[in-house]
Amino acid sequence: VSVTETGPFLRRNMPKYLCLQRNLPGGQAHGDKPSPAQMQAMYTKFNEWREKFQNNLVDLGGKLGAGRLAAPEPPPDGPLIEVKELVGGYMIVSAASREDAIQVARECPGLVRPGSGVEVIEIHAPG
Amino acid sequence: MTSRLGENFFRHEYGRLVSMLVRRVGLRHLETVEDAVQAALLAAVESWPRSAIPENPSAWLYRVAHNHVAGELRRQIRHGELAEQHARAALDSTNDAPGGLLAGDVRDDLLRMLFASCDDAIPIESQLVLALKTLCGFDVREIAERLFTTEANVYKRLGRARARLREAPLELVDLTNEQLASRLAAVQAILYSLFTEGYLSSHAEGAIRRELCDAARRLAAVLAEHPLGATPETFALLALMHLHCARMPARQDGSGGLLLLEEQNRSLWDQEAIQIGLRWLARAAEGDVFSRYHAEAGIAAEHCLAPSFSETRWDRIVECYALLERLAPSALHMLNRAVAVAEWRGPSYGLAVIEGLEPPSWLLGSYLWSAVLADLHRRCGHAELAAQYRDAALRSAPCQAVRTTLERRLRAR
């Protein structure tokens, strides 16, 4: 990894954003399986996106599995379970503004499409 | 990044992995294997760009796909869907280390899968679809698009093939060399139809046609390298594939329109492919076999070697078509001979070849039949007949590119 004059500086000073992939109603969450040729195209597009935003991508994250809430009281049934199922994956990006962060997420292949959206949340870390 | 993996990496890996795993767990688990391979490729798409491409991508994929197969077979046993003794051997057999597999073994696996597809109890159109799906890595939608048929039809053909493979008493590993040898002609036939589906297709997009041709050529090359498949017929098949592919770059004009042979810019022909084709043809000539592939490769070679349309050795081409008719009788070959005779001795001699021929309905209804008759009658000065056939040809043209070419060719000059 080459360290440029501006790269680390920008990165250290730019706010970070947590991007949560959320499954939206109305889309096919488990749609048609992609063919090998389509997978090749997905792979290529993802690499191009990663290359383009290499200075913004702090943590490419990954898929999220089933979670469980640890709480002083047993959680009530209902809404919490739904929330858990709505989040499919996460990543952390750095950007000058939330709009820029949204742009990074929006251009990520397959993230923002019918049935899937992304929630971009600023991380307020001390220091 | 992606260039390191090669242009059709995912499609080729699909065929390779399906063949390797089916060889180990048996044909009856074909669908389980295909699902596992799909999952492994998808896992690669998701994880490789995040970390790095593994040192040995193929071994990585094999391991992931194998784990999926093993997991699914265990699940089927737990749920009572599968008798344990059927899966036990399958599970044990997948324990071999993928890193230790030699390139030769992989080629062997691909070929065995291909031979298994060519079961004569499976209709040939189902064999073709099965090969495209399992060995070439096309999905149902892509196959439908390439074969000009519906997805429902592809599913139907695929279902027929799979039903047969499920009940087939023989596992792939059990096919003896004699049994493999007895299927060789069927294997050559399937590669030939895979190629012609691509080459003769009137699909507007050249890249799509090219893909089918390349898939056929790739499998034929694997076949030719194997002792079981290294026969004069296979060499002739490879020769005709290369000689036809060599001329593909010149078949279309800049805007996707089709060009007639006499209009093509011969300097665009791929000289390297022609040389490779001629070398295969020379190998095919060793021995005393003369198959339909030899005749077709011979015709293609004459075209490739002719410096111009008018300098083509039409007498040689007529001779090859006559041989082809004898080896594989078809009204289409007779029609082609008529065209060659017309170039060699004149249009009335061409008409004489097909005089009295009652073409089968599939040919009668195709634009080829009408177009050839329109052209020959026009050149003989039979204006009325020419116009009739011309209208019929334009009506039955499968796409605009063909229609435009016909209009240009059949215009009275």
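In chain A of this predicted model, strand β2(A) is joined by 4 bridges to strand β3, which spans residues 87–94, and the two run antiparallel. Within this pair, A:Asp59 stands opposite A:Ile92 of β3(A). The two strands belong to an open sheet of 4 strands in chain A.

- The strands follow the order β2-β3-β1-β4, and their pairing is antiparallel.
- Strands β2 (57–63) and β4 (116–123) of chain A stand at the edges; each has a single partner strand, so one side of each is left without a neighbour in the sheet.
- From one strand to the next, the twist averages 20°.

**Helices across the sheet**

- Helix α2 of chain A, residues 36–52, lies across β2 and β3 of chain A and runs at about 150° to β2(A).
- Helix α4 of chain A, residues 98–107, lies across β1 (16–23), β2, β3 and β4 of chain A, and its direction is at about 145° to β4(A).

**The interface of chain A and chain B**

- Chain A contributes 18 residues to the contact, and chain B contributes 24 residues.
- Between them, the two chains bury about 1800 Å², of which 59% is on carbon and sulfur atoms.
- The interface of chain A and chain B contains 2 salt bridges.
- A salt bridge links A:Lys33 with B:Asp35, with the closest N and O atoms 3.1 Å apart.
- On the side of chain A that touches chain B, α2 and β2 of chain A each supply at least two residues.
- Helix α2(A) provides the largest share of this side, with 11 residues.
- By class, the side of chain A that touches chain B has 8 nonpolar, 7 polar and 3 charged residues.

**Salt bridges in the whole structure**

- Side chains of opposite charge can pair when their charged atoms come close.
- Over all chains, a search of the whole structure finds 31 salt bridges.
- A:Arg22 forms a salt bridge with A:Glu119, and their closest N and O atoms are 2.4 Å apart.
- This pair links distant parts of the chain: A:Arg22 is in strand β1 of chain A, A:Glu119 is in strand β4 of chain A, and they are 97 residues apart.

Notes: Residues are numbered from 1 along each chain as its sequence is written. Chains are lettered from A and ligands numbered from 1 in the order in which they are written. This is a predicted model: local features need pLDDT of at least 70, side-chain atom pairs count only at pLDDT 80 or more; totals for chains, interfaces and linings use all residues. Side-chain values use heavy atoms; hydrogens and water are left out. Two strands pair if DSSP finds at least two bridges between them. Axes are lines fitted to C-alpha atoms, for helices over the stretch in contact, and angles run from 0 to 180 degrees between N-to-C directions. Contact means heavy atoms within 4.5 Å. Buried area is the accessible area (1.4 Å probe) that two parts lose on being put together, summed over both. A salt bridge is a side-chain nitrogen of Lys or Arg within 4 Å of a carboxyl oxygen of Asp or Glu. Ala, Val, Leu, Ile, Met, Phe, Trp, Tyr, Cys and Pro count as nonpolar, Asp, Glu, Lys and Arg as charged, and the others, Gly among them, as polar.
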